[in-house]
Amino acid sequence: FTLDDARYEGKSFSTTRLTGLAADDVDFQVSGNRVFVSDTSSRSVVQYNLSTPWDIETASSAKETTVSGALSAQAADGMTFGTSGLSFYVVGQGKAARYSLTSAWSVSGATLAESVNSLASVSAAAAIALSSDGLKMFVADRVAARTVEEFALTSAFTISANSRLGNFDPQSGEIYGIDFSSDGKTMFLLNESEAVQQYALV
């Protein structure tokens with residue numbers, strides 16, 4: 001993965017046009033056949049099917065689920081899926097929640113599995129990412145700290161038992177998005193300047 005040779009392919013789709021919602025975060029099914037968008041105003045996660053994998057211009061709205069439980073009164077600012085597709089995770093303010101799915105990569109019928117009412121040192125969570133083994137959680141604190149907070153998880157992909165390990169300050173303003181390469185050696189951050197920045201991890 002490198003951003004040096006990135007180029008815009010001229011493709012896009014409007015989440016507002018398809019569902020009337022505004023996009024706050026995005027994640028893809030590993031096959032590229034589905035894309036998921038979180039919407040902070042309606043506190044929901046919307047699923048779109050792609051008739052051509054990884055081609056967002058072929059998106060059609062399919063299913064929507066409303067975030068409930070700990071985050072029901074908060075914004076659904078950030079969202080990511082577990083590697084199996086049987087769970088997705090949402091953060092908002094200083095809270096986080098995991099939702100279980102009966103069918104992998106299908107948000108209809110999502111049920112609240114667990115929640116964290118207060119993440120240590122996080123006041124305005126904007127994005128979330130998990131390590132590929134599910135033993136670490138990373139949360140971007142958008143406003144106050146403007147850092148990426150790192151947490152160890154006692155059980156893989158289970159967020160309720162967590163301990164804070166530390167943080168990283170990119171010193172680039174507010175953070176709106178976070179993701180990692182599959183090998184965990186590269187981190188990508190979306191900042192308030194609408195720039196995607198790439199960081200090497202050692």
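Which residue forms a salt bridge with Lys136, and how far apart are the closest N and O atoms? I will come back to that in a moment, after a word on what we are looking at. This is a predicted model, in which local features need pLDDT of at least 70 and side-chain atom pairs count only at pLDDT 80 or more, while totals for chains, interfaces and linings use all residues. Residues are numbered from 1 along each chain as its sequence is written, and side-chain values use heavy atoms, with hydrogens and water left out.

Now to the opening question. The partner of Lys136 is Glu150, and the closest N and O atoms of this salt bridge are 2.9 Å apart. By salt bridge I mean a side-chain nitrogen of Lys or Arg within 4 Å of a carboxyl oxygen of Asp or Glu, and by this rule the count comes to four salt bridges. Because Lys136 lies in strand S10 (residues 136–141) and Glu150 in strand S11 (residues 147–155), the pair ties together parts that are 14 residues apart in sequence. When I say strand, I mean a DSSP run of E with at least two residues, numbered from the N terminus.

Another salt bridge joins the side chains of Arg164 and Glu149, with 2.6 Å from N to O. Here Arg164 belongs to strand S12 and Glu149 to strand S11, so the pair links distant parts of the chain, 15 residues apart. Arg164 is partly exposed at a relative accessible area of 37%, whereas Glu149 counts as buried at 1%.

The side chains of Arg146 and Glu174 also meet in a salt bridge, at 3.8 Å from N to O. This pair links distant parts of the chain, 28 residues apart, with Arg146 in the loop between S10 and S11 and Glu174 in the loop between strand S12 (158–168) and S13. Arg146 is partly exposed at 31% relative accessibility, while Glu174 counts as buried at 13%.

Let me move to the sheet. Four strands form an open sheet in the order S5-S6-S7-S8, with antiparallel pairing, where two strands pair if DSSP finds at least two bridges between them. At its edges are strand S5 (78–81) and strand S8 (111–116), each pairing on one side only, and the twist averages 20° from one strand to the next. For that angle, axes are lines fitted to C-alpha atoms, and angles run from 0 to 180 degrees between N-to-C directions.

Within this sheet, please look at strand S6 (residues 87–92), which runs antiparallel to S5 and is joined to S5 by four bridges. Gly78 has Val91 of S6 as its bridge partner, and Met79 has Val90 of S6. The hairpin of S5 and S6 has five residues between the strands, and there Gly85 takes a positive phi near 80°. The hairpin of S6 and S7 has two residues between the strands, with Gln93 at a positive phi near 55°.

Are the faces of S6 buried or exposed? Both are covered: Ser87, Tyr89 and Val91 on one side, and Phe88, Val90 and Gly92 on the other, are all buried.

Further along, Ser106 lies in the loop between S7 and S8 and is buried, with a relative accessible area of 7%. Leaving aside residues up to four places away in sequence, Ser106 touches Arg34, Gln47, Lys63 and Leu101, a contact meaning heavy atoms within 4.5 Å.

Finally, I turn to another hairpin. Strand S13 (residues 175–180) and strand S14 (residues 186–191) run antiparallel and are joined by five bridges, among them the pairing of Ile178 with Leu189 in S14. Five residues lie between S13 and S14 in this hairpin, and Gly184 in the turn has a positive phi of about 75°.

Notes:
Buried means under 20% relative accessible area, exposed over 50%, partly exposed in between (1.4 Å probe, protein chains only).
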